Amino acid sequence: MMDGQGKSDSCTVPAKWANASESHRATDGESMEGRQLAKGNMGQYATSRTQSRIHDVSSALDRVREAAKRDRNAKFTALFHHITFDLLRMSFLKLKRKAAAGVDGVTWEPYAQDLESNLRDLHARLHRGAYRAQPSRRSYIAKTDGRDRPLGIAALEDKIVQRAVVEVLNAIYETDFVGFSYGFRPGRAPHQALDALTVGILRNKVNWVLDTDIRGFFETIDHGWLLKFVEHRIGDRRILRLIRKWLSAGVIEKERWEASEQGSPQGATISPLLANIYLHYVFDVWAHRWRRQPGRGIVTVVRYADDIVLGFQHQRDAIAFREALEQRMEKFSLSLHPEKTRLIEFGWYAEERRGRRGEGRPKTFDFLGFTHMCGRAQSGMFLLLRHTRADRMRNKLRQIREQLMRRRHHSIKRQGEWVGGVVRGYLSYHAIPTNTRACQQFRKQVTRHWYKALRRRSQRDRTRWARMTRLAERWLPKALVQHPWPTERFDARTRGGSPVQ
């Protein structure tokens, strides 16, 4: 690991890292944590002075953005001075208040108690080269397939600095990234990727879908290639040195430090941007050029982080692309999962063609929590159906059942507010057209789990289903469609632009 002066740090684990409290090690990842600001002492930041500082930061980054637009080949050699005290303050205030602590054991609220002094000290250490990146704390979250997904929870000051660097680098890379890249980008969301995929399949001559899965992407990113890609646009040695520090800081698991020779820890603030940069050069630019070669049919591409779905007009193009993609990935230390990467016949005429060959209904594919299927509207026209993935729904219902059992002795009001909030959040993502039945089933199952939890409060409990129905009506939102049809929202957002640009 290199410090600000280019000197090598020792790999010895400091005692305060090795003795991180059990409570911090047992904390789950940050996916369920809120974004509220601390009460009381945060009022001072909602002032005109703060607004002026935010404006100054935005104006400075706007100038970087304009320079990046003017010259797509420009290499930025002076960026570090944009990491100002005000940007560090903005970055801190954007962090999740209840986020799990890293190896330093420091959380949001204690740091905020003396925020001015803490940030000035951090800013000074950064600019004199004394800042040291700390190892990530290894944590795990359960995946739907029963395996555990490793997370790397950074120390609080690392999160602050990483978020500040992301703000600066986004000003450059948001001018470079292609339109079909949606994951973890400002102003972009999963439903925009879902809309683009749906519009691409409905309006383009898509007959084949290639559902790709990059095996262990975040764990296998090659540091050498990543830094070469970053250096295409970033020439500021101090920014590059920060990125090297974070990549080589390692992880601590069960009080043991492990080197990180490859990969970028999921959970680190900088990781999504680095992943997008890596795949921008490995996949996006290459795929865009590949599909524009003479003789190619229409190719639709949608990428959300490492989740990529492609639609092809011709089967020969799909087969050729997969073979070329495997070679491309291997060149940059990545590989496609052989079992999860599938080429399927899909689209307007897939059911008819497969029926003539006696091959049954078209197969389905999953993307961003939804299973995509070929269907028919009442008029008989092709309709892309999107239903909540069955395994995701089962996993969510299991979590709710366990929580309801733990909360069964709380007051009805307290239980109702909690479970109503969970259902409301679930429906805000899943209540899309063609998925109403699955959402209704989800609400029904939540009601049953709540009923069973109430019945378990004591042997003398007299809760009846009639009362349970009234409680559900009172506290659980209706399973109504909350999203417009993808074509309507896509056209409103892009004014009818192509979903494959």
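**Ground rules.** I am reading a predicted model, where local features need pLDDT of at least 70, side-chain atom pairs count only at pLDDT 80 or more, and totals for chains, interfaces and linings use all residues. Residue numbers start from 1 along each chain as its sequence is written, and side-chain values use heavy atoms, with hydrogens and water left out.

**Sheet.** I took helices (H or I, at least four residues) and strands (E, at least two) as DSSP runs, numbered from the N terminus. I looked up an open sheet of three strands, in the order 9-10-11 with antiparallel pairing. Pairing here requires at least two DSSP bridges between two strands. Strand 9 (365–367) and strand 11 are the edges; each has a single partner strand, so one side of each lacks a neighbour in the sheet. From one strand to the next, the twist averages 40°. Angles run from 0 to 180 degrees between N-to-C directions, with axes as lines fitted to C-alpha atoms, for helices over the stretch in contact.

I then checked strand 10 (residues 370–376) against strand 11: they pair antiparallel over seven bridges. His-372 has Arg-386 of strand 11 as its bridge partner.

**Helix 8.** Helix 8 (residues 190–203) packs on this sheet and touches strand 9, strand 10 and strand 11. Its direction makes about 155° with that of strand 11. Contact means heavy atoms within 4.5 Å.

I picked His-191, which is found in helix 8. Its relative accessible area is 11%, so His-191 is buried. I used under 20% relative accessible area for buried, over 50% for exposed and partly exposed in between (1.4 Å probe, protein chains only). A polar atom of the His-191 side chain lies 2.9 Å from the backbone oxygen of Tyr-429. Beyond neighbours within four places in sequence, the contacts of His-191 include Phe-370, Ile-432, His-483 and Arg-489.

**Helix 17.** I went on to helix 17 (residues 436–455), which has 20 residues. First C-alpha to last, helix 17 reaches 29 Å, close to the 28 Å expected. That expectation is 1.5 Å times one less than the number of residues. Among the buried residues of helix 17 are Phe-442, Arg-443, His-449, Trp-450 and Tyr-451. Their cover includes strand 11 (382–388), helix 15 (390–406), helix 16 (412–430) and helix 18 (465–475).

**Cysteines.** Cys-439 counts as buried because its relative accessibility is 1%. Cys-374, at 4%, counts as buried too. I looked for disulfides (a pair of cysteine sulfur atoms within 2.5 Å). The count came to zero.

Key: A polar contact is a pair of N or O atoms within 3.5 Å; within protein, one must be able to donate a hydrogen and the other to accept it, and residues adjacent in sequence count only if both atoms are side-chain atoms.
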